[in-house]
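Welcome, and thank you for taking a look at this protein. Please keep the sequence and the model side by side as you read.

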Amino acid sequence: MGYKSIGVSMAVGSSNRACLTVAAGLAERFNARVIGMAATILPAPLYYTDGSYGAELLEREGAGLRKSLANAEAEFRHALDGRIKTIEWRDSLTIAKDFIPAQARSVDIVVTAAQEDGDSDPYAMASPSDLVMEAGRPVLVVPASATWLDVRRILVAWKDTRESRRAVADALPLLQKAEEVTVAEVCDALSEPAASERANDVAAWLLRHGVAASAITREDTNTPENLEAIASDMGAGVIVAGAYGHSRLRQWVLGGVTQHFITRPSRCVLLSR
């Protein structure tokens, strides 16, 4: 079992260095194909014009979009040519948040950049949030600071939900590459015995799949800061977590673990739903 085809969600008009670096490292570990995916389109105009001037304006702006896509492809090929055996490029003059999730039908996992400042241009990039909700594939969110994919130690941020169970199953190829895996559940004191049982169940399931995992619980509130602290304590290079156990709107308004992981992760995070 492994990732045989990896998709990279490219941001048009921005650097994709960190994403491409991590995607290349992932592909080398699994001898996988890498597909670069990008799309962009003109936003709805704030004014209208017609005649030859309107046609000229549209053609000029369309040429600019095609150049932006060509630049993204050049960045993709420059980063991976000669390093990855099989690469492929796909682009389209359409809305990125629609095009890229659809292309995920051809891959096992999607690599994307963290959505900095909680904002993105849906015309030029698919946000991690959209990918988690729409791609039907695990999404590896990469911070801009990433310089390589460190899978030596991985933290499974466990919560007894469907999303967490899906995430652990989707992350199994990566977990099997790790030297150390820790399954951690953050809970209150009254819930600790049940949480310990759940975390140990997951560790035992992983052992049956060749992953020597340990289980821990921590008495605290289930916040992203606490999970990041556990990851830092063990030196984890990757966190695995279920995404959007609560509604996306609620997390956007009130904040939450998923919202933190897609906007300001300190390390790579594999999310699944």
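What follows is a short tour, from the whole chain down to single residues.

## The whole protein

The model shown here is predicted. Its pLDDT averages 89 over the protein, and 88% of the residues score at least 70. One stretch to read with care is residues 248-255, where pLDDT stays under 50. For that stretch the model has twelve contacts beyond four places in sequence.

The protein has 273 residues, and 49% of them count as buried. Its secondary structure comes to ten helices and ten strands. Take the contacts between residues at least 6 apart in sequence: 80% of these join residues at least 24 apart.

Which strands pair with β1? One partner is β2 (residues 33-39), which runs parallel to β1 and is joined to it by five bridges. Within this pairing, S5 stands opposite R33. Another partner is β4 (residues 109-113), also in the parallel sense, over three bridges. Here G7 has V110 as its bridge partner.

Between β1 and β2 you can follow helix α1, residues 17-30. Together, β1, α1 and β2 make a right-handed β-α-β unit. The loop that leads from α1 to β2 holds N31. N31 has a positive phi of about 50 degrees, although it is not a glycine. N31 counts as exposed, at 64% relative accessibility.

## Beyond β2

Further along, I41 sits in the loop between β2 and α2 (51-80). I41 is partly exposed, with a relative accessible area of 27%. Setting aside residues up to four places away in sequence, I41 touches L65, L93, T94, I95 and Y123. I41 and S92 are 51 residues apart along the chain, yet their C-alpha atoms are separated by 8.4 Å.

## Cysteines

How many disulfides does a search of the whole structure find? The answer is zero. For C19, the nearest cysteine sulfur is that of C268, 8.6 Å away. C19 is not in a disulfide, because such a pair needs its sulfur atoms within 2.5 Å. C19 is buried, with a relative accessible area of 3%, and C187 is buried too, at 5%.

## Two polar contacts

Next come two residues with side-chain polar contacts. S272 lies in strand β10 (residues 268-272), and its side chain makes a polar contact with the side chain of D170 at 2.4 Å. Beyond four places in sequence, S272 touches P138, E163, R166, A167, D170, A241, G242 and A243.

D150 belongs to the loop between β5 (139-142) and β6 (153-157). The side chain of D150 makes a polar contact with that of R152 at 2.9 Å. Leaving aside neighbours within four places in sequence, D150 is in contact with G237 and V238.

Is each of the residues in this table buried or exposed? The values below give the answer, since buried means under 20% relative accessible area.

| Residue | Relative accessible area | State |
|---|---|---|
| C19 | 3% | buried |
| C187 | 5% | buried |
| S272 | 3% | buried |
| D150 | 12% | buried |

## Helix α8

The last stop is helix α8, residues 224-234. Its buried residues are P224, N226, L227, E228, I230, A231 and M234. What covers them? The cover includes the strands β6, β7 (180-187), β8 (213-219) and β9 (238-242), along with helix α10 (257-263). Just after α8, G235 takes a positive phi of about 70 degrees.

Definitions and conventions. Residues are numbered from 1 along each chain as its sequence is written. Side-chain values use heavy atoms; hydrogens and water are left out. Two strands pair if DSSP finds at least two bridges between them. Helices (H or I, at least four residues) and strands (E, at least two) are DSSP runs, numbered from the N terminus. A crossover is right-handed if, with the strands pointing away from the viewer, the path from the first strand over the helix to the second runs clockwise. Buried means under 20% relative accessible area, exposed over 50%, partly exposed in between (1.4 Å probe, protein chains only). A polar contact is a pair of N or O atoms within 3.5 Å; within protein, one must be able to donate a hydrogen and the other to accept it, and residues adjacent in sequence count only if both atoms are side-chain atoms. Contact means heavy atoms within 4.5 Å. pLDDT is the predictor's confidence in each residue, from 0 to 100.
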